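Below is a short briefing on one protein chain. Look at the sequence and the model, then read the points by topic.

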Amino acid sequence: MTDDPTAGLRARFAATIGGGRPSPWRDAFAAVPRHLFVPSFFRQDGRGEWRRVTAVDDGYAEAVYSDTALTTQLDAGGIPSSSSSEPSTMLAMLDALGAESGHAVFELGTGTGYNAALLAHRLGAENVTSVDVDPGLVDLAVRRLGEYGTRPYVTAGDGALGCPERAPFDRIIATAALREIQPALLEQAAVGAVIVAPIGFGIVRATVSKPGHAEGRFLPIPALFMPRRTPGSDPDFESLRQQAPERTTVPVTDVLERLKFPLSLALPGYNSCSWQDAAGTVTAVGLWTDDGSTALADTTGQARQTGPHRLWDTVEHLASAFPTGSPPREAFGITASPAGRHIWYGEPEGPGWKVRADAP
Ligand SMILES: C[S@@+](CC[C@H](N)C(=O)[O-])C[C@H]1O[C@@H](n2cnc3c(N)ncnc32)[C@H](O)[C@@H]1O
């Protein structure tokens, strides 16, 4: 380990991520070589083309030991399908998880295996279970974890179904965006368990108070995890054109900026796009969800909507609930129970909305 040329970079990285605040996870970040789990990554060049960066390229080690999310896999269409998350976000999630030695931990989204290695380093490999939907990634992660010298239980499957043969879990961490706290995860959580998961553009920390019942607030930090892509998620701009325009006073930029987080909770998995004029000013914004519901609004104050859900009505509703500024993330929370999932603002009894069930 002493002749590891990255040792100095790694020590600095481990000491400084997350602003250097005290954390029981810093030793793990100092010990686990991220470069072993990310031997290469993809970076976009000036023209938006993805280029692979490996250890022989300038800046590789500096990038690996920086607070940067690194894209590690592209799908057939050139869209990122796996990454090593931003280390400061990983640290914040691990801190929020509050895992202690001996806790059985379930990770949804093995990816490179780096987070599983951090968990195994601090908690013991025998306590760590990690699942990724992509069998190729699982094979690679198992190999790299073995090279590092640790053997957590890693398997391929839909992490939303948990891992019944290894349950119950004291801690559950998801590193891929969920739309809700999945029922199977809740069933496999021990009473007292903590669940940390990206939902919408935020990260929730919920505690299981009794079987099948979890509740908690969002962390104050932003999070941008890749949304799970689902079939049939194209916007229906064609039928939108046939809809009569409605008047709206909500500025289109609200959708892209100050209402972005609450919108991601109210419309799980929504997509958006925007149009700009030659000066780069946003002139219109489009929204759609995977049931084909589509809305479009422009800076002339016209909105059109089509499909089973009136998406612009949700924007209007949020704009009247939060007339100025961005509501603080940590004021939002989730309650998950056998009766369903409920996102709330302020207090669990406060204003809120039911989460539409996620497809497994
Ligand atoms: C941000 S990456 C995970 C990073 C990983 N924890 C690491 O340390 O490298 C998200 C991963 O979630 C996986 N994923 C997406 N949907 C999933 C699902 N339903 N079940 C399990 N894994 C899933 C993706 O294949 C991807 O590898």
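This is a predicted model: local features need pLDDT of at least 70, side-chain atom pairs count only at pLDDT 80 or more; totals for chains, interfaces and linings use all residues.

In strand β15, Leu296 is the bridge partner of Gly286.

- Strand β14 (residues 282–288) and strand β15 (residues 294–298) run antiparallel and are joined by 5 bridges.
- Strands of a sheet pair through backbone hydrogen bonds, either parallel or antiparallel.
- The open sheet here is made of 5 strands, in the order β12-β16-β15-β14-β13, and the pairing is antiparallel.
- β12 (246–247) and β13 (271–276) are at the edges with a single partner strand each, so one side of each has no neighbour in the sheet.
- Helix α12 (residues 311–321) packs on the sheet and touches β12, β14, β15 and β16 (302–306). The direction of α12 makes about 115° with that of β14.

**The nonpolar cores**

- The largest nonpolar core has 51 residues, and Leu287 and Trp312 have the most contacts inside it.
- Domain 1 (7–74 + 82–176) and domain 2 (237–321) both give residues to this core, so the core lies between them.
- Leaving aside neighbours within four places in sequence, Trp312 is in contact with several residues, including Val250, Val285, Leu287, Ala297 and Gln305.
- Another core, of 46 residues, lies apart from that one; Ala28, Met93, Leu94 and Leu97 are among its residues.

**Salt bridges**

- The whole structure holds 11 salt bridges.
- Arg122 forms one of them with Glu100, with the closest N and O atoms 3.6 Å apart.
- Arg122 lies in helix α6 (residues 114–123) and Glu100 in the loop between α5 (87–97) and β5 (105–108), so the pair ties together parts that are 22 residues apart in sequence.
- Arg122 is partly exposed, at 23% relative accessibility, and Glu100 is partly exposed at 44%.
- Glu238 and Arg241 meet in a salt bridge of 3.1 Å, N to O. Both residues lie in helix α9 (residues 237–241), 3 residues apart, which is about one turn of the helix.
- Is Arg241 buried or exposed? Arg241 has a relative accessible area of 59%, over the 50% cut-off, so Arg241 counts as exposed. Glu238, at 49%, counts as partly exposed.
- Arg258 and Asp254 form a salt bridge with the closest N and O atoms 3.1 Å apart, and both residues are buried.

Key: Residues are numbered from 1 along each chain as its sequence is written. Side-chain values use heavy atoms; hydrogens and water are left out. A nonpolar core is a set of buried Ala, Val, Leu, Ile, Met, Phe, Trp, Tyr and Cys residues joined through side-chain atoms within 4.5 Å. Buried means under 20% relative accessible area, exposed over 50%, partly exposed in between (1.4 Å probe, protein chains only). Domain bounds come from an automatic or database domain assignment. Contact means heavy atoms within 4.5 Å. Two strands pair if DSSP finds at least two bridges between them. Helices (H or I, at least four residues) and strands (E, at least two) are DSSP runs, numbered from the N terminus. Axes are lines fitted to C-alpha atoms, for helices over the stretch in contact, and angles run from 0 to 180 degrees between N-to-C directions. A salt bridge is a side-chain nitrogen of Lys or Arg within 4 Å of a carboxyl oxygen of Asp or Glu.
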